[in-house]
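Welcome! Here is a short tour for someone meeting this protein for the first time. Take a look at the sequence and the model, and then read on.

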Amino acid sequence: MTEKILSEKNRVVRHSRLELIEHWAIAISGLILLATGIFELPVAKRYYIITVPGLGWTADFITSLYLHYAAALVFTAAGIFHLVYHGGARGETGLLPQKGDMKASVTVIKSLFGFGQEPPMHKYLPEQRWAYVGMALIIAMLIVSGLIKTYKNLYAPDLSLAIVLTATWIHNICFVLFFLAFLAHMAAILLRPNWPMVRGIFTGNVRLDYARHRHALWIADLEKNEKSVDP
């Protein structure tokens, strides 16, 4: 099991190295997709983006397209691996919504603004589970619609116009939704109670005292599991 309490360091391992690689592969390739998707439109020259040092290439459609394809390859591979490995091979369900999450999420959000106390939580907060499912659906739609558009560009220029237009609309709408979800993700990090979780994004571990306070149910499970394997 990857999750482990490191009492002597006041740390608890929250994410494995593999999970960190997946996260950053999707995050970085997703940002590149956002940028190159915009650069494929005639905006770089219009809004003087090309005048920024190092961004002269942004007005070149082919360069932006190739970078878009390269990032899409990483984005798709990481997404499929995550689904197959965690959802299929390991059967992990910790990030899937659970009964009572909606009510608990309202309680958590209210507590962030000083209204009431946040109840003890498991490894993931209820709003994190809802956000995960929403982002997963957006990513899935982006990948499917993107593959259709790529197939049309590379192999089937005479593909049905209705299919191409539908894929394009879905891709564009999900592009906006992905950007909004990214902004919401960044906004959540800015909330003071969430600051200790930022460390986990880079190192895979968070402070144990923080986890005991906010994720007491998760720590209790870890301690129970550790005792069960002690000789």
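## A tyrosine to start with

Tyr151 has a relative accessibility of 45%, so this residue counts as partly exposed. On that scale, buried means under 20% relative accessible area, exposed means over 50%, and partly exposed lies in between (1.4 Å probe, protein chains only).

Before going further, a word on how to read the values: this is a predicted model, in which local features need pLDDT of at least 70 and side-chain atom pairs count only at pLDDT 80 or more, while totals for chains, interfaces and linings use all residues. Residues are numbered from 1 along each chain as its sequence is written, and side-chain values use heavy atoms, with hydrogens and water left out.

## The overall picture

The protein contains eight helices and three strands. Helices (H or I, at least four residues) and strands (E, at least two) are DSSP runs, numbered from the N terminus. Along the principal axes, the C-alpha atoms fill a box of roughly 65 × 40 × 35 Å.

The protein has 231 residues, and 31% of them count as buried. Its exposed surface comes to about 14700 Å², with carbon and sulfur atoms supplying 70% of it; such areas come from the Shrake-Rupley method with a 1.4 Å probe, and for residues only the protein chains shown count as cover. Among contacts (heavy atoms within 4.5 Å) with a separation of 6 or more, 68% join residues 24 or more positions apart.

## Aromatic pairs

How many aromatic pairs does a search of the whole structure find? There are five. Rings of Phe, Tyr and Trp (its six-membered ring) pair if their centres lie within 6.5 Å; planes under 30 degrees apart count as stacked, over 60 as edge-to-face and the rest as tilted. One of the pairs is Trp24 with Phe202: the ring centres are 5.4 Å apart and the planes meet at 35°, so this pair is tilted. Trp24 belongs to helix H1 (residues 17-39) and Phe202 to helix H6 (residues 195-203), so the pair ties together parts that are 178 residues apart in sequence. Trp24 is partly exposed at 32% relative accessibility, whereas Phe202 is exposed, with a relative accessible area of 57%.

Tyr155 is exposed, at 63% relative accessibility.

## Charges

The protein carries 22 positive and 16 negative side chains, and the centres of the two sets lie 5 Å apart. Lys and Arg count as positive and Asp and Glu as negative, while His and the chain ends are not counted; the place of a charge is taken as NZ of Lys, CZ of Arg, CG of Asp or CD of Glu.

Look also at Arg14, whose charged end sits over the ring of Trp218, 5.8 Å from the ring centre. A charge sits over a ring if NZ of Lys or CZ of Arg is within 6 Å of the ring centre and within 35 degrees of the ring normal.

## Residues within helices

Is Gly30 buried or exposed? At 2% relative accessibility, Gly30 is buried. Gly30 is part of helix H1, and touches Phe75 and Phe178 when residues up to four places away in sequence are not counted. Between Gly30 and Phe182 there are 9.5 Å from C-alpha to C-alpha, although they are 152 residues apart in sequence.

Val133 sits in helix H4 (residues 126-154) and is partly exposed, with a relative accessible area of 24%. Leaving out residues up to four places away in sequence, Val133 touches Leu95 and Pro97.

## Residues in the loops

Asn10 is in the loop between strand S1 (4-6) and strand S2 (11-13). Its phi is near 55°, a positive value in a residue other than glycine. Tyr48, in the loop between H1 and helix H2 (61-89), likewise is not a glycine and has a positive phi of about 60°. Asn10 is partly exposed at 29% relative accessibility, and Tyr48 is exposed at 59%.
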